[in-house]
Structures are given as C-alpha cells and as structure tokens.
Amino acid sequence: MFKPIALSLLLYNSIAVDASGCFPAWTSGGSYNKGSQVSQSKTTNSTAGVLTTTTYNYECISGDGVNSHTSHCPLYDPVGVTTSSAWKDLGTCSGTAVTTTTTAPTYAAWSGVGCPGEWVEGTEYQPGAVAELDGVVYKCSTVQFINAWCGNPGYKPGDSLYWDIAWTRLGSCSGTMSSTTPDHSGLPDAGGCPNEYDPSAMYVEGDSVAVGGIVLKCRSWPNSLYCNLVAFEPLGQYSEMAWTKVGYCSGTIAPSPPSNVTCPEEYKAASQYRANDKVSVLLDVDRAAIYQCSADIHIAEFCSLFQPGHWSNLGWSYISECNGTVVPSDPFANLDEIAGACPSVYDSSAKYEAKDFVTVAASGSPEKSFVYQCKAWPYGAYCTSGENFAPGTDNGELGWTLKGWCDATVTTTTTTTTPWVGTCEWLNGTTPVTINPWSASALSTYSAGTRVRVADRVYRCKDWPFYLWCRSSAYEPETSQYWGDAWTYTGKCAAVVTTAATTTTATTATTTVTTTTTSA
C-alpha cells in the first residue's frame with residue numbers, strides 16, 4: 001500500500017520514468033492530486049468481434065497539487081466518460097515503469113519533545129489530541145464533533161482523501177514521548193500549578209485547575225455552569241465548552257493570601273429565601289463563594305427552588321469569594337421599622353382585603369415580627385386563600401408585600417379619652433356626616449360602607465363578603481383579635497364634644513391609634 005506522502009513523492013515532480021513502462025494502476029479513492037501519474041487498462045471491441053485490452057498512462061490535471069479533496073482524480077476513472085476533466089492521456093504503455101525516487105523532503109520538527117503515540121484506527125480522539133504516523137505528528141481538530149472523525153479510517157492522517165478536514169499536520173518527530181505528557185504546543189508558561197482537577201469539587205467562573213501539567217480556567221457564565229459536570233471535565237471530549245487552556249505549569253503555586261471578605265450564612269436547601277438575600281457555598285476548607293438572590297421579587301422566587309450555582313442560573317447571582325468565616329445575616333438589615341404596635345398576627349382562616357396589615361413572627365427573633373400588607377385587586381384575592389399563600393411562604397408574594405418589621409413587645413397603647421356626649425362628624429366630601437358609636441343593638445343595620453366610631457376613632461365596615469362579620473359582636477372594633485376582618489380604621493372625627501376625662505386601654509391591631517383629650 002502506498003502512503004500519501006510517499007505516493008506524492010513518487011508521482012509528483014520527484015520521479016524519472018521509462019516512457020514505455022506503465023505507472024501503478026489507478027484505484028478508486030486513492031490519494032491523487034494534480035501531477036499524479038497512473039495507468040489504466042481499456043478494453044475495446046473490433047468490428048470483427050475481437051476484444052482488445054490496451055493499457056495507457058495518465059497524468060492528473062485536477063486539484064491544487066496539495067490537498068487530495070480538491071481533485072477529481074481519486075473518483076474519476078481515467079478510462080471513463082469524465083476522463084478529459086481530470087486526466088491527461090500520456091499514451092499506451094507496457095510492462096512496469098522504472099522509477100527512481102529522489103530524497104524525500106522533511107517537515108520542520110514539531111514543537112513537542114519526542115513522538116506521541118501512533119495513530120490507531122477506531123480510537124476516540126479528544127479535541128486537540130496528537131498522534132504520529134510515519135514520523136509525522138498530526139493534531140486532531142478542536143471543532144466540536146469534527147474530532148469524532150479522527151479515528152475513522154476515512155480520515156486517516158496524511159493517508160486519506162479528506163484527512164486534512166479532521167487533522168492538522170504539526171511537523172516531524174523523533175524518539176518517544178510519554179503517553180501521559182500533554183501537548184504543550186502553543187501554550188505559554190503559566191508558572192506553578194494550581195490544584196489538580198477534582199470531579200467532586202464545585203467550581204465557579206475564573207477558577208483554575210491543573211491536569212497533567214496544563215492549566216485550565218473555568219469560563220464565564222453561562223459556560224461556567226458546565227465546569228461542575230463530569231462530562232465537561234478539563235481536556236475531555238467537551239472540555240472547551242467549559243474550560244480555557246491558560247498555559248503549562250510545573251511545581252506548585254504559592255498559596256494565595258486568604259480573602260478578607262467574611263461569608264454570609266451557608267445556603268440551606270430547606271430554607272426560604274427572599275429578594276437580595278445573600279448566602280455562601282463552601283468551595284473547599286477555607287474558601288467559599290457568595291451568591292445573592294435577585295432583587296426582582298418574581299425572579300427571587302426561584303432562590304428557594306434552585307441552589308446557587310445550579311445550571312439554570314435562576315434566582316442566584318455569583319458575587320465573589322469569601323474566607324469561609326460565616327457571619328450570621330440580619331434578616332431585618334434591609335427592612336424599615338414600622339413604628340408603634342404590631343398589627344394582628346396573620347390567621348389563615350381570617351378574611352383579608354387590600355391594604356390590610358398582618359404580622360408574622362420572625363424565626364430566632366421573638367422580639368420582632370415581619371409586617372406584611374395585602375396587595376390591591378386582583379392580587380389581594382390571594383390574601384384569603386389559606387396557608388399555601390400565607391405571607392412569608394413560597395407563594396406569599398402573590399398576595400402580600402413585605403413592608404418592614406415591628407417590635408412584637410408593643411401590643412397595646414394606653415390613651416386618655418372621655419365618654420362621648422354630643423356628635424362626631426365625618427366629612428364626606430364637604431358634607432359633614434354624623435357618626436354614631438358602635439352599638440350591639442344596631443348590629444343588624446351594619447352593612448358594607450357603614451361607619452361607626454369608638455371614642456373619636458372612625459371605622460368603616462368592609463365590602464362584601466366581609467361586611468357579614470360587622471353584624472357580629474365578636475368583631476367589635478378594637479375589642480377582639482379579629483375585628484380587622486370586618487372593620488377598617490379610616491381616621492378621626494372632624495368635631496368632638498367631650499366631658500370629664502377617664503383612662504381606658506385599647507388594643508391595636510391593624511393601625512396604631514392615638515387619641516387626644518379636649519375640653520368642652
């Protein structure tokens with residue numbers, strides 16, 4: 001069998017032949033190019049019915065003289081109907097052409113040391129892998145999926161029609177090279193080696209690892225998501241989708257000084273996270289990565305569903321590294337304090353409407369509670385949809401808005417008020433309306449929009465269906481835990497007439513109420 005390099009030397013500008021001798025017979029798919037010379041036999045039928053076989057020499061006139069796939073000669077039979085477009089007829093021949101070969105040209109030595117392993121048919125060559133054939137080094141394509149052809153005999157390096165699609169000739173070699181020695185060609189000296197790649201470790205954008213003396217760096221997002229998948233391991237089949245070669249290394253890298261950034265609390269899969277929350281994910285013994293939950297409340301919902309560094313990149317964003325020291329985060333750090341007493345505690349069985357306030361106890365902080373407000377229609381419908389939509393839960397943000405926090409130890413306010421004689425007026429536009437005190441005897445008359453007063457504080461009966469609770473004494477304003485389910489505080493009287501002062505205590509729920517004492 002003729003090697004392509006040897007064949008080109010024999011047939012292209014490097015031979016001396018006997019004009020009467022026949023060149024090697026043409027074979028379909030051979031490595032032919034412009035200048036290649038072959039012979040082929042042609043059989044003719046005379047008028048007398050006698051078959052005559054004659055052998056002719058031909059010279060290829062198609063191609064660029066370098067790459068076989070640019071020529072028609074490997075596929076066009078010299079004695080076929082397409083002869084003239086690929087071959088030049090040199091006349092008849094007989095016997096075998098006597099050839100004398102010239103000294104074969106040599107390729108410049110490749111940049112590596114020694115020869116890599118010999119090319120083996122059927123091998124799964126990785127992108128950038130090198131192989132040797134007949135003293136010449138070839139590099140497998142780094143183009144995704146093209147490298148899969150490098151072990152195919154149809155792409156045998158230097159010895160097939162389309163070899164140069166899958167392989168690149170690097171140069172000649174001599175001697176041997178350890179099979180574990182990586183190809184350093186074209187790579188700069190990166191100094192000392194970072195830690196070896198560990199398939200069980202967690203890597204983030206910018207992390208460097210060493211594999212067999214080659215330094216690789218984890219690509220930026222979104223490719224960095226692949227750095228933690230074994231299928232994309234450094235120097236593997238799909239390495240270039242996740243890792244970038246930095247250079248070659250030797251020895252070790254001096255340890256970097258520890259980061260002076262302290263870490264927030266470690267991420268816990270069972271925890272619920274809100275917008276702007278920060279967590280840390282341990283990378284090794286003394287190093288961790290900081291992630292922050294999105295400021296967008298809708299995207300932030302994914303923070304409780306996907307861990308930081310998840311391939312989907314939903315919810316969390318990588319911020320920086322930290323030194324592994326965990327500092328407990330303050331859940332109230334970015335929240336406003338709601339002055340005064342806390343609103344009523346959220347009750348999943350209660351009925352809430354737009355603008356109602358509730359509190360939810362903060363875990364680990366019994367002296368503080370989170371304050372939520374029911375959203376306007378149509379989102380406010382979720383406020384009365386039970387525990388699955390409770391404030392502070394996964395679905396809570398559909399109906400509730402976190403407004404801040406309040407001091408849970410302040411539950412009542414003591415005010416100085418007076419019994420009422422005379423009238424309390426409410427300005428309905430510009431027309432004063434007399435507001436009567438709440439009375440158990442008038443329960444049957446209360447309906448949506450009805451206003452009553454307690455001292456100088458005015459309350460409005462909520463719309464349907466909540467107004468039904470207004471007709472129950474169990475929902476008397478300021479006197480029960482659930483009065484806010486039926487009544488909404490709307491302000492104070494426009495005019496007050498009082499007598500001697502007495503002291504009473506009123507428990508506040510949804511609104512902080514302060515009264516004043518006036519004299520008749």
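User: Is cysteine 60 buried or exposed?
Analyst: This is a predicted model, in which local features need pLDDT of at least 70 and side-chain atom pairs count only at pLDDT 80 or more, while totals for chains, interfaces and linings use all residues. Residues are numbered from 1 along each chain as its sequence is written, and side-chain values use heavy atoms, with hydrogens and water left out. Buried means under 20% relative accessible area, exposed over 50%, and partly exposed in between, with a 1.4 Å probe and protein chains only. Cysteine 60 has 1% relative accessibility, so the residue counts as buried.

User: Which residue forms a disulfide with cysteine 60?
Analyst: A disulfide is a pair of cysteine sulfur atoms within 2.5 Å. The sulfur of cysteine 60 has such a partner 2.0 Å away.

User: What is the handedness of the disulfide of cysteine 60 and cysteine 73?
Analyst: The torsion about the S-S bond settles this. For this pair the torsion is about 95°, so the disulfide is right-handed.

User: How many residues apart are cysteine 60 and cysteine 73?
Analyst: Helices (H or I, at least four residues) and strands (E, at least two) are DSSP runs, numbered from the N terminus. Cysteine 60 is in strand S2 (residues 51-60), and cysteine 73 is in the loop between S2 and helix H2 (83-86). The pair links distant parts of the chain, and the separation is 13 residues.

User: Which cysteine is joined to cysteine 342?
Analyst: The S to S distance in this disulfide is 2.0 Å. Cysteine 342 lies in the loop between strand S12 (316-322) and strand S13 (357-362), and its partner in strand S15 (residues 400-407), so the pair ties together parts 64 residues apart in sequence. The link is right-handed, with 115° about the S-S bond. Both residues are buried, and the partner is cysteine 406.

User: What is the angle about the S-S bond of cysteine 374 and cysteine 383?
Analyst: These two cysteines form a disulfide with sulfur atoms 2.1 Å apart, and both are buried. The link is right-handed, and the angle is 110°.

User: How many disulfides are there by this rule?
Analyst: The pairs described above are among them, including cysteine 374 with cysteine 383. The count comes to eleven.

User: Which residue has a backbone oxygen that the side chain of glutamine 292 reaches?
Analyst: Glutamine 292 is found in strand S11 (residues 287-293) and is partly exposed, at 23% relative accessible area. Contact means heavy atoms within 4.5 Å; beyond its neighbours within four places in sequence, glutamine 292 is in contact with residues including Asp277, Trp316 and Ile319. Its C-alpha atom is 5.5 Å from that of tryptophan 316, a residue 24 places apart along the chain. The backbone oxygen reached, at 3.4 Å, is that of asparagine 276.

User: What is the relative accessible area of tyrosine 162?
Analyst: Tyrosine 162 lies in the loop between strand S5 (136-140) and helix H3 (163-166). The residue is partly exposed, and its relative accessible area is 34%.

User: What percentage of the residues of the chain count as buried?
Analyst: The secondary structure of the chain comes to three helices and 22 strands. Among contacts between residues at least 6 apart in sequence, 61% join residues at least 24 apart. Of the 520 residues, the share that counts as buried is 38%.

Note on methods: A polar contact is a pair of N or O atoms within 3.5 Å; within protein, one must be able to donate a hydrogen and the other to accept it, and residues adjacent in sequence count only if both atoms are side-chain atoms.
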